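Grab a viewer and work through a few exercises with me. Try each task on your own before reading the solution.

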2 protein chains.
Amino acid sequence: MESTRTTFERLSMPLIAHLARLGRRAVDASTEPGGLRHRQVIALNLLSERGAMSQQALGESLGLDPSNVVGLLNELEECGLTIRRRDPADRRRHIVELSPGGETVLKAAQVRLARVEDTIFHALSPEERAALYELLVRAVGADRPGPRPQCD
Amino acid sequence: MESTRTTFERLSMPLIAHLARLGRRAVDASTEPGGLRHRQVIALNLLSERGAMSQQALGESLGLDPSNVVGLLNELEECGLTIRRRDPADRRRHIVELSPGGETVLKAAQVRLARVEDTIFHALSPEERAALYELLVRAVGADRPGPRPQCD
DNA sequence: TATTGTTATACTCTATAACTATA
DNA sequence: TATAGTTATAGAGTATAACAATA
């Protein structure tokens with residue numbers, strides 16, 4: 001009998017998987033063809049919150065394989081939304097950062113993202129949404145977003 | 001200014017997407033090759049919670065396209081975990097239900113799933129996990145699991 | 001020799017459209 | 001004509017392995 005274990009009748013992961021799918025579909029649906037896809041928005045969002053970082057760090061933060069990070073950044077860079085530059089201290093590294101255009105595009109995407117959340121979480125009150133957000137932040141162990149280093 | 005809108009700095013969906021990815025990988029990693037994959041566990045879990053239902057209803061509950069439901073059920077049926085039978089009342093319909101073997105396999109999978117949750121949510125207290133679960137249940141608008149209509 | 005990023009490749013997940021059989 | 005399920009197919013997401021450049 002595992003006393004410290006999650007009760008079987010209360011598994012959260014299926015619910016999270018479901019919400020993630022709903023969210024992804026809604027985001028993709030709210031985006032005009034050729035626009036930012038779900039993954040890209042999430043990557044931009046992270047770069048905006050945490051600032052410039054290496055590809056490796058980006059991949060870890062996204063929980064994404066390094067080889068996928070390459071393709072993701074290629075797409076974003078083609079659109080001029082991110083910039084890769086060599087780290088002078090270690091020329092193997094690429095430092096990735098948001099371009100000014102990326103910030104602008106991200107802001108628009110965040111508006112759409114917030115609308116999608118309004119739809120998906122319509123059953124929750126603002127307080128409950130805030131509580132949910134706090135729990136999720138703690139779960140992923142991410143630092144709180146906080147004011148980001150002022151770029152527009 | 002949209003006063004009823006989610007604050008941009010508190011978007012939950014990127015966090016949910018991240019947790020969903022972590023969860024899926026952990027589940028797949030905890031499964032021996034040839035074993036149940038993430039999707040399949042979720043489908044079995046739903047059938048166990050809600051009892052027999054049509055493929056259409058299953059697809060809606062899973063937020064999955066009907067064509068995907070077919071493939072998913074084919075896999076499960078090949079392993080003898082689910083059963084499809086025609087609805088006598090409307091012979092176009094397939095009624096899907098868990099087989100006894102499916103119940104057994106699901107129980108084992110739930111143990112693994114619970115372990116994965118213990119890992120992913122290690123930063124949360126049991127009370128917080130319960131609170132998270134409740135919020136997620138409300139968000140997906142799903143009925144609480146409840147005792148299922150006795151099939152074995 | 002180890003590490004960062006890249007390429008090539010394959011497998012899974014998901015959606016769309018056309019088809020069948022029932023209604 | 002409409003609906004439940006199926007098939008075929010294509011595209012997105014993700015992981016693995018081998019490789020290049022740099023440390």
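Predicted model: local features only at pLDDT ≥ 70, side-chain atom pairs only at ≥ 80, totals over all residues.

**Exercise 1. Work out which residues are closest to DNA strand D, and which classes the surface near DNA strand D is made of.**

Step 1: Of the atoms of DNA strand D that come within 4 Å of the protein, 67% belong to sugar and phosphate.

Step 2: Sort by class. The surface near DNA strand D comes out with twelve charged, seven polar and three nonpolar residues.

**Exercise 2. Find polar atoms of A:Arg91, B:Arg21 and B:Arg92 that lie within 3.5 Å of DNA strand D, and say what each one faces.**

Step 1: Start with the backbone. A:Arg91 puts a polar backbone atom 2.9 Å from a phosphate oxygen of DNA strand D.

Step 2: Move on to side chains. In B:Arg21, a side-chain N or O atom sits 3.1 Å from a phosphate oxygen of DNA strand D.

Step 3: Look at the bases. B:Arg92 has a polar side-chain atom 3.0 Å from a base oxygen of DNA strand D.

Put together, A:Arg91 and B:Arg21 face phosphate oxygens, whereas B:Arg92 faces a base oxygen.

**Exercise 3. Characterise the interface of chain B and chain A: how many residues are in contact, and how much area is buried?**

Step 1: Count contacts. 54 residues of chain B touch 54 residues of chain A.

Step 2: Get the area. The two chains bury about 5,400 Å² between them, with 65% of it on carbon and sulfur atoms. On the chain B side, B:Met13, B:Tyr133 and B:Leu135 lose the most area to chain A, together 12% of what that side buries.

Step 3: Tally the polar part. The interface has four salt bridges and 17 residue pairs in polar contact, both residues being at pLDDT 80 or more. One salt bridge joins the side chains of A:Arg138 and B:Glu128, at 2.6 Å from N to O.

Step 4: Assign elements. H1, helix H2 (38–50), H3, helix H5 (100–120) and helix H6 (126–140) of chain B each give two or more residues to the side that touches chain A. H6(B) gives the most, with 13 residues.

Step 5: Finish with classes. That side of chain B has 31 nonpolar, ten polar and 13 charged residues.

Key:
Residues numbered from 1 in each chain as written. Chains lettered and ligands numbered in written order. Heavy atoms only, no water. Near = heavy atom within 4 Å. Polar contact = N/O pair within 3.5 Å; in protein donor to acceptor, adjacent residues only side chain to side chain. Nonpolar A, V, L, I, M, F, W, Y, C, P; charged D, E, K, R; others polar. Contact = heavy atoms within 4.5 Å. Buried area = accessible area lost by both parts, 1.4 Å probe. Helix = DSSP H or I, 4+ residues; strand = E, 2+ residues; numbered from the N terminus.
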